[in-house]
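Please look over the sequence and the model below before reading on.

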Amino acid sequence: MTQGLGRSSVPAGTLIGASAPDRTGIVHLGLGNFHRAHGAVYTAQAMAAAGGDWGIRGFAHSSDRVVAPMRAQDNLYSILQLTEGGTKAGVVDVHRDTGVAAHDPAAVVAAIADPAHRIVSLTVSEVGYTRDPATGRLALDHPEVAADLVAGSTPRTAMGMIARGLELRAASGAPVAVLSCDNLQSNGDVTRAVVEEFLNAAGVNDDVLSFVSSSVSFPNAMVDRIVPKTTAEHSQRVEDLLGVTDRCPVPAEDFSMWVLEDDFAGGRPAWDLAGATFSTELEAYEMVKLRLLNGSHSLIAYLGVLAGAPTIDTAWGLDFVREAVLGGIAEDYLPTFTPPTGFDADAYVSELDARWRNPLIGHATTQVGSDGSVKLLQRIPDAALFHLRRGRIPHRLALCTAAWIACVAPPAGFDPDPLAERIAEPARERLAETVDGAVTVSDHVRRIMTGGFFPAALADQDVFTARVAELLTLITRDGVRTAAADVAAASR
Ligand SMILES: NC(=O)c1ccc[n+]([C@@H]2O[C@H](COP(=O)([O-])OP(=O)(O)OC[C@H]3O[C@@H](n4cnc5c(N)ncnc54)[C@H](O)[C@@H]3O)[C@@H](O)[C@H]2O)c1
Ligand SMILES: O=P(O)(O)OC[C@@H](O)[C@@H](O)[C@H](O)[C@H](O)CO
């Protein structure tokens with residue numbers, strides 16, 4: 001039997017960056033695959049370049065799926081880099097302690113309050129920000145948020161834990177940065193707003209509010225690396241390459257990008273020496289990433305699921321998907337923002353093509369399509385409104401919305417490909433209640449568009465709702481290819 005990965009069995013020459021010292025300087029919430037292949041790697045490489053006591057104390061939210069194997073492996077794990085030229089594996093050694101927030105939320109609050117920690121980073125997914133989809137503000141009626149606001153309660157939501165941790169930290173006055181690494185537009189600003197809304201709703205004293213406003217920074221950041229879920233094949237490949245068994249390896253493409261605002265109230269690792277970019281053009285970088293990559297990713301995922309394609313590369317191999325996505329980039333997304341200085345759209349799109357085509361990544365369309373009720377808010381409404389306010393219909397954004405509905409809230413009598421049932425969608429039940437009794441596809445779509453799943457400004461755009469209904473009718477009656485063809489014809 002092969003030896004398990006652990007401190008005494010790291011194969012020579014495979015360490016990525018430097019091992020962290022025992023002291024931890026970063027608390028990370030959301031110990032999943034993305035953080036382990038992105039922020040953790042930059043931190044290991046920054047310490048290799050410039051030292052620093054930036055060990056990471058990582059918390060998963062509710063499951064010990066990652067934490068249990070990491071603990072059994074001295075908190076080590078490997079990255080399996082999925083390049084078309086061949087795979088390679090390396091070991092990351094920056095986590096000094098790992099735990100599950102739901103098992104011990106008080107430990108998370110105490111870690112955030114501890115002045116030794118100068119950064120609190122997050123990859124808690126879009127759902128973890130507990131925002132109202134229609135207003136973008138903290139969802140005060142969310143049952144877990146309401147419970148967290150009760151005085152003396154132990155918080156269960158990520159935002160509640162951060163707010164309560166900062167409330168305690170105010171006593172020391174120690175500055176800290178809260179760094180969102182999730183795919184949200186203006187993710188730092190959003191995090192500050194939601195945390196401050198929580199503190200206000202909790203009725204904390206003015207000293208706490210003034211500490212948060214003066215000594216806690218919330219830098220915006222754009223994060224990019226495609227990191228799929230781990231499969232048994234990935235684990236076997238790591239074993240073949242390293243000669244040890246890793247129970248929680250992370251597969252990832254070799255491309256990686258991180259652009260941040262340099263606003264770290266308590267200092268930061270030398271991430272710039274590890275390849276991160278510090279920039280003042282964050283909004284522009286976020287637009288490029290969230291619209292061209294993530295918005296297109298959603299369209300590939302939902303069209304792919306409806307066509308029975310299990311992975312992004314197989315969906316991207318379908319002509320009608322490529323045509324819809326490339327048309328969407330050119331007509332629906334690129335005109336909606338000013339890109340960063342020196343941005344080359346053709347080069348970016350051809351790089352996306354290579355990334356989506358990579359068959360080794362095996363990114364499930366159902367994974368990318370998960371949590372659409374929260375993710376599409378970053379990817380559709382603002383871009384759609386840009387066009388609608390100028391009298392144009394963004395056909396591919398309507399197609400993406402229709403395809404999402406077809407997958408997670410199909411109209412009566414329509415059975416999408418069985419893959420659709422595997423899409424995790426937190427709003428599935430609420431969507432079903434909303435459309436219950438709808439007599440036509442138009443009524444079905446109107447109820448969803450006006451049901452609090454999208455901002456009111458988009459819900460008010462009858463022309464968009466009508467186009468989504470037309471496309472959903474085509475998907476359900478004639479199939480997804482016909483709907484995509486209708487979009488292509490309408491855009492000519
Ligand atoms: N995987 C990628 O390719 C990728 C790329 C860029 C950005 N991201 C960002 O990272 C996030 C996580 O992706 P991942 O691949 O690590 O997923 P994952 O499933 O491996 O991990 C998700 C993490 O989020 C936490 N989480 C889930 N629901 C939560 C909730 N309601 N409250 C608090 N925490 C919660 C879980 O504990 C887990 O640690 C994405 O949602 C996205 O915002 C991912
Ligand atoms: O990670 P999510 O769930 O926000 O979105 C799914 C994918 O679009 C996303 O993970 C991309 O792969 C990633 O954003 C690439 O950097």
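**From the sheet to the ligands**

In this predicted model, six strands form an open sheet in the order E5-E2-E1-E6-E7-E8, and their pairing is parallel. The edges of this sheet are strand E5 (95-100) and strand E8 (216-217), each of which pairs on one side only. In general, the strands of a sheet pair through backbone hydrogen bonds, either parallel or antiparallel.

The next feature to consider is the nonpolar interior. In soluble globular proteins, nonpolar side chains tend to be buried together. Here the largest nonpolar core has 157 residues, and those with the most contacts inside it are Leu303, Leu399, Ala402 and Ala403. Helix H10 gives the most to this core, with 14 residues. Because domain 1 (7-278) and domain 2 (282-491) both give residues to the core, it lies between them.

The helix H10 spans residues 282-306, and a UniProt record, an unreviewed entry, places the feature "domain: Mannitol dehydrogenase C-terminal" at residues 282-409. The span of residues 282-409 is 72% helix and 0% strand, and its end C-alpha atoms lie 35 Å apart.

Which helix gives the most to the shell around ligand 2? Helix H10 does, with 3 residues. The residues around ligand 2 are Glu126, Asn183, Asp224, Arg225, Ile226, Leu293, Asn294, His297, Val368 and Lys375, and they divide into 3 nonpolar, 3 polar and 4 charged. Why does ligand 2 lie between domain 1 (7-278) and domain 2 (282-491)? Both domains give residues to the shell around ligand 2, so it lies between them.

Ligand 1 has a shell of its own, in which 21 residues surround the ligand, and the closest are Gly32, Phe34, His61, Ser125 and Gly128. The largest share of the shell around ligand 1, 3 residues, comes from helix H1, which covers residues 33-37. By class, the shell around ligand 1 has 9 nonpolar, 9 polar and 3 charged residues.

Definitions and conventions:
Residues are numbered from 1 along each chain as its sequence is written. Chains are lettered from A and ligands numbered from 1 in the order in which they are written. This is a predicted model: local features need pLDDT of at least 70, side-chain atom pairs count only at pLDDT 80 or more; totals for chains, interfaces and linings use all residues. A residue is near a molecule or strand if its C-beta atom, placed from the backbone, lies within 6 Å of it. Helices (H or I, at least four residues) and strands (E, at least two) are DSSP runs, numbered from the N terminus. Ala, Val, Leu, Ile, Met, Phe, Trp, Tyr, Cys and Pro count as nonpolar, Asp, Glu, Lys and Arg as charged, and the others, Gly among them, as polar. Domain bounds come from an automatic or database domain assignment. UniProt positions are given in the numbering used here, feature names are shortened, and annotations may be inferred rather than shown by experiment. Two strands pair if DSSP finds at least two bridges between them. A nonpolar core is a set of buried Ala, Val, Leu, Ile, Met, Phe, Trp, Tyr and Cys residues joined through C-beta atoms within 7 Å. A residue is buried if 20 or more other C-beta atoms lie within 10 Å of its own, exposed if 12 or fewer, and partly exposed in between; C-beta atoms are placed from the backbone.
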